[in-house]
Amino acid sequence: MSAEGGVGKAQQIEDVEEIEVRDPVSAPDAEGTPRRTTRRFPLFTKDTARPEGGGRAAPSDAPAPARQWPVLLVLGMVAVGLLITALDVFRVGTLVIGSALLVGAVLRWLLPSVGMLAVRSRFTDIVTYGVLGLVIVLLALMAQPDPWLKIPFLKDALHFTVDS
């Protein structure tokens, strides 16, 4: 029986080597014919891939909050920033919200698995979180009245755009 199994496997290997794949996207099915003969993507997708780094941030036997600690940290910081803003300390609350997004960008950059903080590719997440966080922090620093950060050319640009 083992001799027949060995001959059968050798025949299967020869059959596999004869399969011709028409393009890089198509893959042969059980009968050896390509499933798709076009390089176009299907009209309706049946599944989506998890983003790179979208795995659990802690072992699977840990409780759910511990597995998603990066996104909970960022959301907690945003909640604290919103609470501070609601208590009428606008600038500090907005700075906390912007800092939360910058922390999210740093976590996405440093950690291999960040759970639900991973939404898109690693590069896109880092750029999105970083740019939005930086813009929010800069706007909070330049908010009127009595801005903490004064950029001279912005005042000149405003005078050119608004007539008094």
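In the predicted model, the end C-alpha atoms of residues 93–111 lie 26 Å apart. This span is 95% helix and 0% strand. The UniProt record, an unreviewed entry, places the feature "transmembrane region" at residues 69–87, 93–111 and 123–143. For residues 69–87, the end C-alpha atoms are 26 Å apart, and the span is 95% helix and 0% strand.

The protein contains six helices and zero strands. From the N terminus on, its elements run α-α-α-α-α-α. Of its 164 residues, 24% count as buried. Contacts in the protein between residues at least 6 apart in sequence were also examined, and 48% of these join residues at least 24 apart.

Two packed helices are described by the angle between their axes and the distance between the axes. Helix H3 covers residues 69–86, and helix H4 covers residues 90–110. The axes of H3 and H4 come within 7 Å and cross at roughly 170 degrees. Angles over 145 degrees count as roughly antiparallel, so H3 is roughly antiparallel to H4. By class, the contact between these two helices has 15 nonpolar, six polar and no charged residues. On the H3 side, the contact residues are Trp69, Pro70, Leu73, Val74, Met77, Val78, Gly81, Leu82, Ile84 and Thr85. In H4 they meet Phe90, Val92, Gly93, Thr94, Val96, Ile97, Ser99, Ala100, Val103, Gly104 and Leu107.

Helix H4 also packs against helix H5, which spans residues 122–142. The angle is about 160 degrees, and the axes are 8 Å apart. H4 is therefore roughly antiparallel to H5. H4 passes H5 in a left-handed crossing. The contact of H4 with H5 has 14 nonpolar, six polar and four charged residues. H4 contributes Arg91, Thr94, Leu95, Ile97, Gly98, Ser99, Leu101, Leu102, Gly104, Ala105, Arg108 and Trp109. Their partners in H5 are Arg122, Asp125, Ile126, Tyr129, Gly130, Leu132, Gly133, Leu134, Ile136, Val137, Ala140 and Leu141.

Leaving aside neighbours within four places in sequence, valine 137 is in contact with Leu95, Gly98, Ser99 and Leu102. Valine 137 and valine 96 are 41 residues apart along the chain, and their C-alpha atoms are separated by 8.2 Å.

At 23% relative accessibility, leucine 111 counts as partly exposed. Neighbours within four places in sequence aside, leucine 111 is in contact with Trp69, Pro70 and Arg122. Leucine 111 and proline 70 are 41 residues apart in sequence, with a C-alpha to C-alpha distance of 9.3 Å.

The loops also hold backbone exceptions. Most residues other than glycine have a negative phi, and most peptide bonds are trans. Aspartate 88 has a positive phi, near 70 degrees. Aspartate 88 is placed in the loop between H3 and H4. Its relative accessibility is 71%, so aspartate 88 counts as exposed.

Two further exceptions involve the loop between H5 and H6. Helix H6 spans residues 152–161. The peptide bond from glutamine 144 to proline 145 is cis, with omega near -5 degrees. Proline 145 lies in this loop between H5 and H6. Aspartate 146 is found in the loop between H5 and H6 as well. Phi of aspartate 146 is near 55 degrees, a positive value in a residue other than glycine. With a relative accessible area of 58%, aspartate 146 is exposed.

Terms used. Residues are numbered from 1 along each chain as its sequence is written. This is a predicted model: local features need pLDDT of at least 70, side-chain atom pairs count only at pLDDT 80 or more; totals for chains, interfaces and linings use all residues. Side-chain values use heavy atoms; hydrogens and water are left out. Axes are lines fitted to C-alpha atoms, for helices over the stretch in contact, and angles run from 0 to 180 degrees between N-to-C directions. Helices (H or I, at least four residues) and strands (E, at least two) are DSSP runs, numbered from the N terminus. Angles under 35 degrees count as roughly parallel, over 145 as roughly antiparallel, 65 to 115 as roughly perpendicular and the rest as oblique. A crossing is left-handed if the near helix is turned anticlockwise from the far one by less than a right angle, and right-handed if clockwise. Contact means heavy atoms within 4.5 Å. Ala, Val, Leu, Ile, Met, Phe, Trp, Tyr, Cys and Pro count as nonpolar, Asp, Glu, Lys and Arg as charged, and the others, Gly among them, as polar. UniProt positions are given in the numbering used here, feature names are shortened, and annotations may be inferred rather than shown by experiment. Buried means under 20% relative accessible area, exposed over 50%, partly exposed in between (1.4 Å probe, protein chains only).
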